[in-house]
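Please read them with the structure open.

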Amino acid sequence: MVCRQFSIALVSYLNPILCTLLLIATEAHVLFYTFGILFSIAPLFSIVNHLSHPILYRAYFIGAVSSAGIALCWYSAHTQLGIYFISLSIFHITEYLLTALFKENKLSLDSFLLNHSTAYHVALGAGFVEYLIESVNLGEEKFYPIVSYVGAVLVIAGDLARKVAIITAAENFDHLVQSEKADNHKLVTHGIYALSRHPSYAGWFYWSIGTQLLLCNPFCTLAYAYASWKFFEERIEEEECYLLRFFGAQYRDYKQTVGIGIPGIKGYTITPEFNAFLDEVKRK
């Protein structure tokens with residue numbers, strides 16, 4: 001059964017988007033767009049009680065970002081920026097919706113990943129600022145269609161891989177590294193996990209780089225690639241340390257046959273002594 005939070009988030013997210021599409025379909029003047037988005041939130045308050053407002057605000061904000069992207073694509077020449085806004089909103093809203101569907105007991109406002117980290121916010125700001133500065137100073141010379149196309153493919157493929165990973169893992173997925181094994185925690189090795197043992201991380205890695213290629217941001221493309229690589233290198237090593245403790249030789253054998261999908265990241269290094277210990281435990 002779909003939880004109430006899922007419905008509230010989905011309706012709140014779609015509300016400004018549908019309003020924008022209606023304004024475009026009726027060929028309303030661009031000035032009406034702003035007023036339409038601001039006033040479209042009013043009906044939501046009649047169907048959502050005050051305790052759920054934090055969900056409404058966040059989902060509506062994400063929907064408004066997507067609406068701004070649609071408006072940019074329709075009313076301006078900044079198509080790449082518009083697609084970027086749309087992809088960014090889809091990434092964040094689906095994180096919450098899938099958590100609501102598959103791990104309701106861990107659902108919280110943090111599931112939107114809007115407050116992921118200060119570094120994440122700085123990265124978003126840096127990408128936007130670079131786009132503005134270069135587009136103002138370089139004009140059309142900034143943009144290379146083939147680069148944007150490659151970026152769009154990475155954005156779509158990366159986010160799709162992450163969402164498939166979340167769906168495949170279902171209740172075994174968590175946004176946080178788990179230091180204690182839950183009773184129902186199972187090692188998932190089928191589906192997309194047969195291709196990558198950390199598909200959600202690999203997907204996010206390529207998605208983040210793709211967003212900057214989409215915008216033709218050369219500096220942030222390099223910065224995102226480095227920062228994302230360092231983040232996931234440390235994150236995966238930490239997580240695999242716990243996974244080896246949870247699943248022992250089962251995870252060791254899985255680790256030996258399936259890669260990660262991010263160049264240069266090998267994961268936790270198993271020492272010969274630890275490997276011998278796992279073999280001994282496996283024989284028992």
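This is a predicted model: local features need pLDDT of at least 70, side-chain atom pairs count only at pLDDT 80 or more; totals for chains, interfaces and linings use all residues.

1. The protein has 10 helices and 0 strands.

2. Overall dimensions. The C-alpha trace spans about 75 × 50 × 30 Å along the principal axes of the protein. The accessible surface comes to about 15,100 Å². Carbon and sulfur atoms hold 67% of that surface.

3. Burial and contacts. Of the 284 residues in the protein, 47% are buried. Take the contacts with a separation of 6 or more: 74% of them join residues 24 or more positions apart.

4. Second largest pocket. The volume of this pocket is about 470 Å³. Its lining counts 25 residues. Closest to the centre are D110, L113, D174, H175 and L176. Helix 4 (79-102), helix 6 (145-169), helix 7 and helix 8 each supply at least two lining residues. Which helix gives the most to this lining? Helix 4 does, with 4 residues. By type, the lining of the second largest pocket divides into 11 nonpolar, 7 polar and 7 charged residues.

5. Largest pocket. Here the volume is about 580 Å³. The lining of the largest pocket has 32 residues, and N172, F173, D174, H185 and E239 lie nearest the centre. Two or more lining residues come from each of helix 7 (199-214), helix 8 (218-247) and helix 9 (249-257). Helix 8 gives the most, with 5 residues. The lining of the largest pocket divides into 17 nonpolar, 7 polar and 8 charged residues.

6. Links between the pockets. D174 is worth a look in both places. It is listed among the residues nearest the centre of the largest pocket, and D174 is also listed among those closest to the centre of the second largest pocket. Helix 7 and helix 8 each supply at least two residues to the lining of the second largest pocket. Helix 7 and helix 8 also each give two or more residues to the lining of the largest pocket.

7. H185. Where does H185 lie? The residue sits in the loop between helix 6 and helix 7. H185 has a relative accessible area of 17%, so it counts as buried, the limit being under 20%. Not counting residues up to four places away in sequence, H185 touches N172, L243, F246 and F247. One of these, N172, is listed with H185 among the residues nearest the centre of the largest pocket.

8. Aromatic pairs and a cluster. The structure holds 15 aromatic pairs. One of them is Y251 with Y254, an edge-to-face pair at 5.8 Å centre to centre, with 65° between the planes. F91, Y120, Y201, W204, W207, F231 and F232 form one aromatic cluster.

9. The helix 9 pair. Y251 and Y254 both lie in helix 9. They are 3 residues apart, about one turn of the helix. Are these tyrosines buried or exposed? Y251 is buried, with a relative accessible area of 1%. Y254 is buried too, with a relative accessible area of 7%.

10. The helix 10 pair. F274 and F277 form a stacked aromatic pair, 6.3 Å centre to centre with 15° between the planes. These two phenylalanines are 3 residues apart in helix 10 (residues 272-283), so about one helical turn separates them. F274 has 24% relative accessibility and counts as partly exposed. F277 is partly exposed as well, with a relative accessible area of 46%.

11. I70. This residue has its place in helix 3 (residues 53-75). I70 is buried because its relative accessible area is 17%, and buried means under 20%. What does I70 contact, leaving aside neighbours within four places in sequence? The contacts are I17, T20, L21, I24 and I86. For T118, 48 residues away along the chain from I70, the C-alpha separation from I70 is 27 Å.

Conventions
Residues are numbered from 1 along each chain as its sequence is written. Side-chain values use heavy atoms; hydrogens and water are left out. On a 1 Å grid over the protein atoms alone, a cavity is a set of points where a 1.4 Å probe fits but cannot get out, and a pocket is an open set with protein on both sides within 12 Å along at least five of seven lines; lining residues have an atom within 4 Å of a point. Grid points are joined across faces, edges and corners, and a volume is the space filled by probe spheres set on the points. Ala, Val, Leu, Ile, Met, Phe, Trp, Tyr, Cys and Pro count as nonpolar, Asp, Glu, Lys and Arg as charged, and the others, Gly among them, as polar. Buried means under 20% relative accessible area, exposed over 50%, partly exposed in between (1.4 Å probe, protein chains only). Contact means heavy atoms within 4.5 Å. Accessible areas come from the Shrake-Rupley method with a 1.4 Å probe; for residues, only the protein chains shown count as cover. Rings of Phe, Tyr and Trp (its six-membered ring) pair if their centres lie within 6.5 Å; planes under 30 degrees apart count as stacked, over 60 as edge-to-face and the rest as tilted.
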